[in-house]
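Please take a moment to look over the sequence and the model together, and then follow the paragraphs below with both of them in view.

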Amino acid sequence: AWQLSRSTTPRHTTAHPANSPDIDEFYLLPHIVRPGETIASTGFSRSTGGKGANQAYAAGRAGANVVLDAQVGADGADVVKLIASGGVDVSRVRVIDGEVTGRAIIQRAADGENSIVLHPGANFAPSNGEVDLSGYTHLLLQNEIPLDDTLAYLRAAGKAGIKTVYNPSPMPSREVLAAFPWDCLSYLIVNEGELSDILAAFDDTPLDTKLSVKDRAIAQMHALHGAKGFAKTVAIVTTIGPEGVLVFDVKGAHPEVAYSPAAKARKVVDTTGAGDTFAGYFVAMLMDKGDDAPIADLIPTCLQACAITVENAGALESIPARADVEARLA
Ligand code: ADP
């Protein structure tokens, strides 16, 4: 399971292998089920998730020409239909015989505690081994498919000069991070926790806990940029939740970290999907403005899209269309 994006006009194409759709099943419970216990749930809901699906959908809602390269099971027809409704080309989504679509079984207890079982299903079924990036201009990767597939796409894109964006979630191991082909990557998108995890693979200096989240992230972005084994050509984008985003654009002569505060949400209902909205909109804006534009030019639209996402419940379902984002920016 992964996603790609392709199109007839190569400049306006995103590819994103990595990850894929999931079906998230939420069970409301008085408490998290104990070993050996059987209890009835007091509520149930089901939604489509998976970072690849969410990010492809966000890019599609942002108006990008995006192709999702992913794998689902025979039970994935509704999921694929929903993703396509966001303007995503799903012609590269493969249905894997004998597999189920990736699943998350989420127990949500009355006290707010969560407990999650993940079944990767078709996301981890062997792929067809084909890495065809001809006609694509951008590649957006996450980490919810086999690492070898992600790396194969990243290396192929790096070789072909395709701009790559990587949102490493879930986080690979330190060993993988230390040996990662960073030079194939153009943009790294992380939240502040993920930034710490990546830096720890290069630099074991303890965190300065007295610093604010923002100042610590700025220091860590500088440290990562300068770390031996990381590529200086990678732009680093760190989302810091309700505080907004930090951007280390490496295009200028003296790259610095720039801070943009989050767009104000009218109400905060559910922050699920905010990070995926950012990543999908980021690629779409990159395709819109061109890779030579300062990253700062892309950010206001991304942040406004995230603010609308947190105002609405759900992940994929809460990602706004570009027109609604533009209306707020006007
Ligand atoms: P992740 O879900 O990957 O941890 P973040 O929590 O950093 O990502 O959120 C991504 C972006 O969503 C942030 O950069 C910010 O712009 C926006 N965002 C998150 N929480 C809020 C909030 N409460 N109000 C407004 N914007 C928010």
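This is a predicted model: local features need pLDDT of at least 70, side-chain atom pairs count only at pLDDT 80 or more; totals for chains, interfaces and linings use all residues.

The paragraphs that follow go from a pair of helices to a loop, and then to the cysteines.

On the α5 side, Glu 192, Leu 195, Ser 196, Ile 198 and Leu 199 take part in the contact, and they meet Val 213, Ala 217, Gln 220, Met 221, Ala 223 and Leu 224 of α6. An α-helix has 3.6 residues a turn, so residues three or four places apart point the same way.

Which residues of α5 are buried? They are Glu 194, Leu 195, Ser 196, Ile 198 and Leu 199, and the elements that cover them include α6, together with α4 (174-178) and the strands β10 (187-191) and β11 (235-239). At the start of α5, Asn 191 places a side-chain oxygen within 3.2 Å of the backbone nitrogen of Gly 193.

From the helices we can turn to the loop between β9 (163-166) and α4, where Asn 167 is found. Is Asn 167 buried or exposed? Its relative accessibility is 6%, and because buried means under 20%, Asn 167 counts as buried. The side chain of Asn 167 reaches the backbone oxygen of Ile 189 at 2.9 Å, and, when neighbours within four places in sequence are left aside, Asn 167 is in contact with several residues, among them Lys 51, Gln 55, Leu 141, Glu 194 and Asp 276. Pro 170 is also found in the loop between β9 and α4, and the peptide bond that leads from Ser 169 to Pro 170 is cis, with omega near -5°. In general, most peptide bonds are trans.

The last topic is the cysteines. A disulfide is a covalent bond between the sulfur atoms of two cysteines, and how many disulfides does a search of the whole structure find? The search finds 0. For Cys 302 the reason lies in distance, because its sulfur is 7.0 Å from the closest cysteine sulfur, in Cys 306, which is too far for a bond. Cys 302 counts as buried, at 0% relative accessibility, and Cys 184 is buried as well, with a relative accessible area of 15%.

Methods: Residues are numbered from 1 along each chain as its sequence is written. Side-chain values use heavy atoms; hydrogens and water are left out. Contact means heavy atoms within 4.5 Å. Helices (H or I, at least four residues) and strands (E, at least two) are DSSP runs, numbered from the N terminus. Buried means under 20% relative accessible area, exposed over 50%, partly exposed in between (1.4 Å probe, protein chains only). A polar contact is a pair of N or O atoms within 3.5 Å; within protein, one must be able to donate a hydrogen and the other to accept it, and residues adjacent in sequence count only if both atoms are side-chain atoms. A disulfide is a pair of cysteine sulfur atoms within 2.5 Å.
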